[in-house]
Amino acid sequence: MKIDGKTRTCGLIGNPVEHTLSPVIHNNLAQMSGTNLVYVPFLVQEGGLAEAVKGAYQLNILGMNVTVPYKSDVIPYLKEIDALAENIGAVNTLVRCEGGYKGYNTDMSGLFRAMQTEGIHIKDENVLLLGAGGAARAVAYLCASAGAKKIIVCNRTVEKAQEIVREMKIQMEETDIVALALSDVGTLAEESFLAVQCTSVGLYPNVEDVVLADGEIYDRIHTGVDLIYRPYETQFMKLVKAHGGKTMNGLKMLLYQGIIAYELWNQCDVTEEQAEPLLQKMKEEMGIYE
Ligand code: ATR
């Protein structure tokens, strides 16, 4: 990689940032397309977000990704915000604009594009959403936008699921969305589900844990998407597979959120042919060889 006076800088702001795979995505994309751009992680300490965003602008930084814990906190420091990101209430990508940055949410468009490449569709599906945190809320919004037949928000704490349902009914009143306690999942009448696992249960190192205990419900999950990618195959995915379902983990979502951010920064289109080797490099970085 040649760095000179014309090199543009992009980066990731978050805390922690040490384990990020995003540099693999962006630096390889830049190299593959001959773009003079470098992507680096920036650790931002608690209380330093406003100055970090201001400083990035003054340093002529082209764009940034935003990760935990700043995806919502960054919103007041933006010059503009994309409508989807505003509705979701979370921003993971900043794109330089006149006087500051415009915020986008490419996590959800990334998940959608990743699912498409796997032949997993949301339209007309009964979506069983597991969890009711920030990730589940965003996925609920994606599913409603993408024409799901019905969305069932299923959470240990049912009140949090009810809160998502209430918000969604205000934003997208046509949506058929209901809340359910995780313990009542057996009462569901639908015969077939696309399930999206949006909790932190099963995340490394607690790889044996699963939010939805093994049972009859798995016979009705034709596809199980887990937003987790460490481990590469979660216990939830193992159970879906064991009951004959198809699975996808969160690594392609991570890849495509990065690709969409890269496209926004560089005003270009990244092809499937370019995406494929990037996924391989991300897997290698994780120590997965298959
Ligand atoms: P994020 O914003 O990343 O989605 P979060 O807001 O911390 O994360 O939400 C975590 C989700 O995982 C919640 O749905 C949480 O359920 P509760 O609302 O009942 O707390 C779910 N979760 C975490 N640990 C869980 C466990 N052991 N069993 C069931 N659900 C769990």
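# Helix packing in a predicted model

A275 lies in helix α9 (residues 272-285), where helices (H or I, at least four residues) and strands (E, at least two) are DSSP runs numbered from the N terminus. This is a predicted model, in which local features need pLDDT of at least 70 and side-chain atom pairs count only at pLDDT 80 or more, while totals for chains, interfaces and linings use all residues. Residues are numbered from 1 along each chain as its sequence is written, and side-chain values use heavy atoms, with hydrogens and water left out.

- Apart from its neighbours within four places in sequence, A275 is in contact with L255, Y256 and I259, and contact here means heavy atoms within 4.5 Å.
- Although A275 and L255 are 20 residues apart in sequence, their C-alpha atoms are 7.9 Å apart in space.
- The axes of α8 and α9 come within 10 Å and cross at roughly 125°, where axes are lines fitted to C-alpha atoms, for helices over the stretch in contact, and angles run from 0 to 180 degrees between N-to-C directions.
- That angle makes α8 oblique to α9, since angles under 35 degrees count as roughly parallel, over 145 as roughly antiparallel, 65 to 115 as roughly perpendicular and the rest as oblique.
- The crossing of α8 and α9 is right-handed, which is the term used if the near helix is turned clockwise from the far one by less than a right angle, and left-handed if anticlockwise.
- On the α8 side the meeting residues are L251, K252, L254, L255, Y256 and I259, and on the α9 side they are E272, A275, L278, L279, M282 and K283.

- Helix α4 (residues 106-117) and helix α8 (residues 251-266) have axes that come within 7 Å and cross at roughly 120°.
- This crossing angle makes α4 oblique to α8, and the crossing of the two helices is right-handed.
- Among the residues that make this contact are T106, D107 and G110 of α4, together with Q257 of α8.
- Q257, which has its place in helix α8, is buried, with a relative accessible area of 5%.
- Not counting residues up to four places away in sequence, Q257 touches S22, N65, N92, T106, D107 and G110.

**N28 in helix α1**

- N28 lies in helix α1 (residues 22-33) and is buried, with a relative accessible area of 16%.
- When residues up to four places away in sequence are not counted, N28 touches P23, L278 and K281.
- N28 and V38 are ten residues apart along the chain, and their C-alpha atoms are separated by 9.5 Å.

**The two sides of helix α6**

- Helix α6 (residues 158-171) has 14 residues and reaches 20 Å from its first C-alpha to its last, close to the 20 Å expected at 1.5 Å a residue, a span taken as 1.5 Å times one less than the number of residues.
- The buried residues of α6 are A161, I164, V165 and M168, and, seen down the helix axis, they fall within an arc of 100°, so they line one face of the helix; the arc is that of the directions from the helix axis to the C-beta atoms.
- These buried residues pack against α5 (134-145), β8 (150-155) and β9 (177-181), whereas the face of α6 turned away from the buried side carries the exposed residues E159 and I170.

How values were computed: Buried means under 20% relative accessible area, exposed over 50%, partly exposed in between (1.4 Å probe, protein chains only).
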